[in-house]
Amino acid sequence: MIREQLPPKKDLLLGLAGLATFVILWCWLTYGGHVKPLFLPSPSGVWEGIVSFANKGWLDRAIIASTMRVLKALMLVVAIGVPIGILMGAFAPVDAFLRKIVNAGKAIPPPALIGLIILWFSIEEKAKVIFLFLGAIFYLIILVKNAIAGVREEYVRVVTDMGANSWQVISKVLIPGAMPQIWEAITVCSGIMWTYIVLAEFINSNQDQIGVGYLLQIGSRTQESGMVYGALILIVLISVAFDFIMNQIKKRVFSW
């Protein structure tokens, strides 16, 4: 039926079936010789690429470095974006004042800002974090604003009739009521940052400022498709792990 909720076990089995189908198709295309390894390496070729990174001592360093960059940018995005989004969702004048600026910022593709970021912050670690920050901040503001605006009006009217002032309404009703959606917005923004991590780490990418983006760059330079796909798979796995952790926190802390 349309919009029918599947039981958790059936949902899991169907998900595993989808992954198994993907892997079988991948093996058929690569081991069967239907696609050249340059365009699509086999699963064993990808594994060899990842092992090659590990043997050079790059793998764990790259994962840790990229994760720290995302975490730093995410904390900065939350510290700035959540308060602005709450104010925009709660107060129409604030929304009117900032809405066009936020919408314009969202429309700017982050890669177009690389030149300015390098000009402002040089090519060191700070530039990578700021790039990730700019890639997600405007989306978080909009999502938080929508979460606050989506809290049921009846709740606001009840506490207002009881004599609550504006800040009490925000702290006691709007923020608690919107927290599941706000947490979901933060999760979405962490995923956005992982999609931009490669571009961020192209800024002065080297062994001293290593990251998964550098691993992908090495694979591209040497035309080792196993390394390229291995780096991409690492990004996907780390991003999925982030989402899983964030969703588990949401289930345990913001389950209303």
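User: In what order do the elements of the protein run from the N terminus on?

Analyst: They go α-α-α-α-α-α-α-α-α-α, with 10 helices and zero strands. Helices (H or I, at least four residues) and strands (E, at least two) are DSSP runs, numbered from the N terminus. Bear in mind that this is a predicted model, where local features need pLDDT of at least 70, side-chain atom pairs count only at pLDDT 80 or more, and totals for chains, interfaces and linings use all residues. Residues are numbered from 1 along each chain as its sequence is written, and side-chain values use heavy atoms, with hydrogens and water left out.

User: How do I read a helix pair, and at what angle do the axes of helix 4 and helix 6 cross?

Analyst: Two packed helices are described by the angle between their axes and the distance between the axes. Here, helix 4 (residues 92–107) and helix 6 (residues 125–149) have axes that come within 9 Å and cross at roughly 140 degrees. Axes are lines fitted to C-alpha atoms, for helices over the stretch in contact, and angles run from 0 to 180 degrees between N-to-C directions. Helix 4 and helix 6 are therefore oblique to each other (under 35 degrees is roughly parallel, over 145 roughly antiparallel, 65 to 115 roughly perpendicular, the rest oblique).

User: Is Leu19 buried or exposed?

Analyst: Buried means under 20% relative accessible area, exposed over 50%, partly exposed in between (1.4 Å probe, protein chains only). Leu19 counts as exposed because its relative accessibility is 55%. Leu19 sits in helix 1 (residues 8–31). Across the protein, 39% of the 256 residues count as buried.
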